Amino acid sequence: MMVTRLPKKIMLQVCIVFCFIYTVPIHTSATSNNNSSSPTLDAGITPDKNAVELSDNGLAEVEMKINLLPSGKATAKPRDPNDVVFVFDKSGSMNDIVHYGNGRETTKLEKAKEAVTLATEIFKENNKGPDKDQYALVPFSWQNDMINSIDELKNNPYLVSNMVNQRKFTAEGGTNYTQALQKAGEILRTSTKDRNKYIIFLTDGMPTNSENIQTIKGYYYKLINYDEYRSIYGYRDDYNTRREWFALVIDRGITGPDGTIYIEWEERYISGQVPIVFDSNSGRNQAFIKHNDSFYLYEPSFADTNSIIKSHIREVVDQLKKENVSLYNIGFGDEKNIDMNFLVELASRTNGTAIQVDAGTITEVFERIASNLSSEYPSLTEGFLRFTLPENVQMVEDEHSTVVGNEVIYSLPDIPFTPTPPASMFEQFNVKFTSKGIYNFRFDIVYNGGKIKIENIPVTVTVNEKNRPLQKIEFSVPTKTIYVGESFNLNDLLRFIPFNATNKEFNVQLSQDSTAVSAAKAMNGKWIITGAEKGYRTITVTSLENSRITASILVIVKERNSDGEGEDHGLDNKW
């Protein structure tokens with residue numbers, strides 16, 4: 001699992017060849033200056049071996065070094081204005097108690113509010129350009145909380161912090177990434193082309209809900225809750241009404257995506273395009289129709305609702321990428337509660353980044369992101385290396401790396417310009433190979449939400465079989481008797497020591513004192529020996545790798561008599 005680093009040394013695993021240096025200028029201002037003093041970034045990739053052999057365990061590994069070479073000098077310049085949407089998870093798990101500092105405790109929700117507040121203060125302080133930065137807020141649980149949202153871009157970041165710190169800003173419900181990111185994209189769609197577009201997405205859980213529009217036609221059971229049941233059956237809030245309700249719940253109760261208990265009531269005919277709500281909370285795999293402010297049961301069970309939900313999210317994120325929106329994902333919690341691999345995958349699709357935090361680091365991370373996005377001075381932040389694993393190549397994950405399918409995302413350190421950068425920064429990583437071959441890689445280095453990219457750095461590595469020298473060749477028998485016209489496979493009588501020697505190729509020589517047998521090499525590389533006439537002949541094989549390694553066998557050829565038995569005429573007695 002990869003996490004964008006708080007400054008630490010990187011370790012990674014990958015295997016590669018050749019060194020390439022690429023240079024790109026750093027563009028963080030409205031007008032870029034490409035002279036020799038402007039900040040630039042070079043990157044080189046250097047292997048410790050140009051070729052490697054598979055070891056006895058069938059694996060090969062090569063250490064690679066990435067050399068990051070920043071240069072130039074940063075000067076304060078008016079930057080392009082930012083449009084930032086905070087997408088804030090306020091699902092029920094945000095009420096969980098967390099500990100930080102010297103034994104202090106609070107809820108996730110309160111700690112997240114603190115982090116957002118500090119970020120808005122930094123945004124406000126750095127908002128000095130003639131074109132003001134703009135901000136919006138999308139709180140969400142199983143659906144978007146539009147009552148406590150800021151669904152238009154505003155130039156005062158304190159509106160965001162004021163909203164999240166309201167008493168009524170509470171946590172409850174499931175976790176719907178899809179509609180929250182979709183709404184953030186709609187808000188940013190009102191922005192103009194000359195503005196940077198960012199989403200800061202905070203969540204403490206895996207996605208459990210999602211909606212998408214589908215065309216349906218048929219009869220579906222309407223779901224009603226307890227209040228609706230009371231209303232339909234005389235609004236009798238007495239013992240018998242409650243007993244009847246609970247009996248129905250036991251018989252056919254269903255938990256809706258909003259966490260409310262419903263029962264199936266009666267079928268209604270629905271046709272046309274309607275929202276379908278998918279729900280995987282608490283291991284459920286269900287889908288519901290939203291129609292006329294009510295839920296209808298669409299499917300009582302799906303094989304894998306999680307996969308459906310994730311596919312919806314990917315579609316939304318791919319649209320964000322098309323609209324040049326960079327996604328900064330913050331996972332608040334541990335691996336039991338959040339899927340950092342998925343958050344990394346989503347961020348990478350937009351050239352953004354993903355960061356895992358806890359109660360002790362969340363405020364630091366929010367402050368850092370706000371500072372990086374709004375600083376006047378050019379710097380390289382939230383960087384990562386991205387590449388695709390060829391077949392038969394394995395990546396060993398650590399806390400800074402993520403493998404999604406066959407794509408690797410590996411975080412890189414921030415490079416500050418104050419106003420000059422460090423001379424160089426080195427990172428090293430390894431990959432493992434499971435088969436011989438020539439492997440071609442293409443590497444991308446991405447910083448600043450894709451504003452800084454070095455793409456398609458080519459690297460090749462050659463992996464060979466382990467060279468196991470041949471030590472000995474021997475025949476399984478000293479002699480072989482055949483009849484005239486009969487053939488056999490010489491290779492079947494040979495033994496190679498060691499059995500897994502790399503090179504088992506050999507030449508065949510026939511003794512010159514006889515023409516009793518002939519030898520021919522078949523298309524499959526096997527040597528076929530045929531009895532040509534009565535007699536005997538010695539066959540000697542010699543290793544192509546080492547001519548001193550030989551073995552010999554005597555082949556005796558007999559004729560068949562009229563009753564099919566062989567006639568030896570004293571041949572066997574000769575031996």
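Colleague: Which residue in β35 stands opposite threonine 538?

Modeller: Strands of a sheet pair through backbone hydrogen bonds, either parallel or antiparallel. In this predicted model, threonine 538 stands opposite leucine 554 in β35. Strands are DSSP runs of E with at least two residues, helices are runs of H or I with at least four, and both are numbered from the N terminus. Two strands pair if DSSP finds at least two bridges between them.

Colleague: How many bridges join β34 to β35?

Modeller: Eight bridges join β34 to β35 (residues 550–560), and the two run antiparallel. A hairpin of six residues connects β34 to β35. β34 is also joined, by five bridges, to antiparallel β31 (residues 506–510), where leucine 510 has isoleucine 539 of β34 as its bridge partner.

Colleague: How many residues of β34 are buried?

Modeller: In β34 (residues 535–543), seven of nine residues are buried, that is, under 20% relative accessible area with a 1.4 Å probe, protein chains only.

Colleague: At what angle do α6 and α7 pack?

Modeller: Two packed helices are described by the angle between their axes and the distance between the axes. Helix α6 (residues 305–322) packs against helix α7 (residues 340–349) at about 25°, the axes being 8 Å apart. Axes are lines fitted to C-alpha atoms over the stretch in contact, and angles run from 0 to 180 degrees between N-to-C directions. The helices are therefore roughly parallel, a term for angles under 35 degrees.

Colleague: What conventions apply?

Modeller: Residues are numbered from 1 along each chain as its sequence is written. Local features need pLDDT of at least 70, side-chain atom pairs count only at pLDDT 80 or more, totals for chains, interfaces and linings use all residues, and side-chain values use heavy atoms, leaving out hydrogens and water.

Terms used. Angles under 35 degrees count as roughly parallel, over 145 as roughly antiparallel, 65 to 115 as roughly perpendicular and the rest as oblique. Buried means under 20% relative accessible area, exposed over 50%, partly exposed in between (1.4 Å probe, protein chains only).
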